[in-house]
Amino acid sequence: MDTGAQLLGRYLSELAQVTDEPGKLTRTFLSPAMRRANALVAGWMRAAGLATREDTLCNLIGRLETSSAPRVRTLLIGSHLDTVRDAGRFDGALGVLLPIVALAELRRRKIALPFAVEVLGFSEEEGVRFASAYLGSKGYTGQLRASDLGFADAQDVTIRSALENNNGAPFAPPKPAHRKRDLLGYVEVHIEQGPVLEAKKLALGVVNAIAGQTRAKLVFKGRAGHAGTTPMNLRRDALAGAAEFTLAAESLAKLTPGLVATVGTMSVAPGAANVIPAEATFSLDLRHPRDAARRAALRQLRATATQIAGRRKLTSTWTTTQDNAAVACSPTLAGALTASVRAVQGRSLALPSGAGHDAVVMSALTPVAMLFVRSRSGLSHHPDEYSSPADLGVALDVLIDFIERLARTHSS
Ligand SMILES: [Zn+2]
């Protein structure tokens, strides 16, 4: 018989075969591969003693009941089963399969829990099909709005019609799956998607906060002119201004602990080798685990944009396109996770998550905590994504210890 860690490895390999694109791993919202993935994982959930169902968002839910308390609260553990295109096998899948194996192991050891556990496999997190992320967890937490359903995919199918076609019934955004007071919290295990744990030579770390994130679109406008005949001091070069801003954002982030700033897109008009750029449109992505620090950086960069534009005789516009507050992890849950990591690994590391996760959306419903597992070279969203069997074994031991620890707290 497989050990827990071997079982987890086998589940991860089998699930990685379930794809919409031969030769690479791609599973997008409501696709045939997603249907097959849900069926496969539901079978593993039932083998671990969970009762399974799908909600109207196609989220897969496996519930382990408990009979010990008169009013039972529920611990939620999960992540997402969809992937990016040409994905690795760990991102998302690990956070769904690991709790299934942990609960199977607790059952094998005949350990009864004083709370119910729901393992959640969210149907959509990556935003690949509809360029709108977190559809699964937004639905589960009752945060999906009718106005969210109009987004269309590349075939011009809207979210609403895709869901109605899948469910064979009219779709209405669901209410939250639970009342807040019935929940103990939400725990998500995820590969780190960064190189910090590898650098610290640790298998696991506990997330203390998920960074807040601001995205903005900036436009600098100057004046086109002949690249050969316009003297340098008479130019109003929009791209040179945008380049200066990009370097200013980089310097600020290097000088500000915890801040990351990225200019990831830039388009230039008119876009000819012999014409001075009249217009530069570019993006800024700014993240920090503390909102106050992110806002301060934002103010400074807006002032910088205005100042660069003024000095270079450009006009500048700034449009904030996305603004998400940071999410602090629950001290209680993160504290218990830290104690479990210390017990199994010897020491623990607290680290922020620079990437968003279902935990961000779940935090509107219940306290959240996250456990990060080392991923080789910090790689994610890539077929070479890799976490070693040894690290997965440590993660499994920690999750089991964490659930037992929570059980002791709630039965005393
Ligand atoms: Zn993920």
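This is a predicted model: local features need pLDDT of at least 70, side-chain atom pairs count only at pLDDT 80 or more; totals for chains, interfaces and linings use all residues.
## Helices and strands

Helices (H or I, at least four residues) and strands (E, at least two) are DSSP runs, numbered from the N terminus. The protein has 11 helices and 14 strands. Its radius of gyration, taken over C-alpha atoms, is 24 Å.

Residues are numbered from 1 along each chain as its sequence is written.

## Two domains

The domain assignment gives domain 1 (4-210 + 326-411) and domain 2 (215-324). Such bounds come from an automatic or database assignment. The C-alpha centres of the two domains lie 37 Å apart.

Six residues of domain 1 are in contact with seven of domain 2 (contact: C-beta atoms, placed from the backbone, within 7 Å).

## Cores

Of the 412 residues, 46% count as buried (20 or more other C-beta atoms within 10 Å of the residue's own, with C-beta atoms placed from the backbone). A nonpolar core joins buried Ala, Val, Leu, Ile, Met, Phe, Trp, Tyr and Cys residues through C-beta atoms within 7 Å.

The largest nonpolar core has 96 residues. Leu97, Leu98, Leu204, Ala395 and Leu399 have the most contacts inside it. A second, separate core of 20 residues includes Ala216, Leu259, Ala280 and Leu301.

Methods
Two residues are in contact if their C-beta atoms, placed from the backbone, lie within 7 Å. A residue is buried if 20 or more other C-beta atoms lie within 10 Å of its own, exposed if 12 or fewer, and partly exposed in between; C-beta atoms are placed from the backbone. The radius of gyration is taken over C-alpha atoms; the globule rule is 2.2 Å times the number of residues to the power 0.38.
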